[in-house]
Amino acid sequence: MALQFYPVKVSHIKRLTEAAVAISFDIPEELKQVFAYLPGQYITIRLNINGQTVNRAYSLCSSPHSDNSLTIGVKQTEHGLVSTYINKHLQVGDSVELMPPNGNFKVDIHSNTINSYVLIAGGSGITPLLSITKSVLQKQLDAKILLIYGNRDTSSIMFFEDLELLKDTYADRFTLIHILEYSDGNNKGILSKELLSTLLTDSFLSSCNYYLCGPQQVMNNAEAVLHKQNIESSYIHR
């Protein structure tokens, strides 16, 4: 079936940071199967902004295993037409057009035999990794996850409360490391090759799945460190 856009309504908006929001959509019952998705996938949203029709792809941060709504996280970027509109003007009840979920950056919980994950996120790259984290922790009961998440400072951390709740709920299986460019604590720094080398040691198994999402340089740094640790490319997803 050819992919097409469907009109849906915005059901909820949550302010995450000064420059980021989570947008949830009310998917009609007759479209639930059309909008079925795997953790890590994205949707494409079509908006009419000042008479201009624009499309943008945003990763889903919701989990198909624990959340009833489709939710995306959108960080406002400088001169970003769509991200600015979503952050400043989109309202609950507004109708938008969505294309069903797609993308190869995903985890199929039911067919996955690997139960160790290392997730590396920078900024808004947390969105698909949050979906993966929630899904894996709920459905793979023996799985363990290490999430390394880099941001500018504490106030810029998207989904801070959600991550803290997951850390408290799954304390024995979920390790969360925040790396902040501006911080007075021990977690000060950026996701450089040098810093990642201290966090990604050879104590990790080669059969661990690595998921990278964020700025290009962050992913390049992480991949370079992993290759230096002799991690096979088949285990690295970006």
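This short talk walks through the sheet, the nonpolar cores and the cysteines of one predicted model.

Before I start, residues are numbered from 1 along each chain as its sequence is written, and side-chain values use heavy atoms, with hydrogens and water left out. Because we are looking at a prediction, local features need pLDDT of at least 70 and side-chain atom pairs count only at pLDDT 80 or more, while totals for chains, interfaces and linings use all residues.

Let me begin with the sheet. Five strands form an open sheet with parallel pairing, in the order β9-β8-β7-β10-β11; strands here are DSSP E runs of at least two residues, helices are H or I runs of at least four, both numbered from the N terminus, and two strands pair if DSSP finds at least two bridges between them. At the edges sit β9 and β11 (236-237), each of which pairs on one side only. Between β7 and β8, which run parallel, there are seven bridges, and Ala121 has Tyr149 in β8 as its bridge partner.

Helix α2 packs on this sheet, touching β7, β8, β9 and β10, and its direction makes about 155° with that of β7. Helix α3 lies across β8 and β9, at about 145° to β9. For these angles, axes are lines fitted to C-alpha atoms, for helices over the stretch in contact, and the angles run from 0 to 180 degrees between N-to-C directions; contact means heavy atoms within 4.5 Å.

Now the interior. A nonpolar core is a set of buried Ala, Val, Leu, Ile, Met, Phe, Trp, Tyr and Cys residues joined through side-chain atoms within 4.5 Å, where buried means under 20% relative accessible area, exposed over 50% and partly exposed in between, with a 1.4 Å probe and protein chains only. The largest such core has 31 residues, and Ile126, Leu129 and Leu147 have the most contacts inside it. Helix α2 gives the most to this core, with six residues. Leu129 touches, beyond residues up to four places away in sequence, Phe105, Leu119, Ile120, Ala121, Tyr211 and Cys213.

Which residues of the chain does Thr127 contact, leaving aside neighbours within four places in sequence? They are Ser59, Leu60, Cys61, Gly73, Met158 and Phe159, and Thr127, in helix α2, is buried at 4%.

Finally, the cysteines. The whole structure has zero disulfides, a disulfide being a pair of cysteine sulfur atoms within 2.5 Å.
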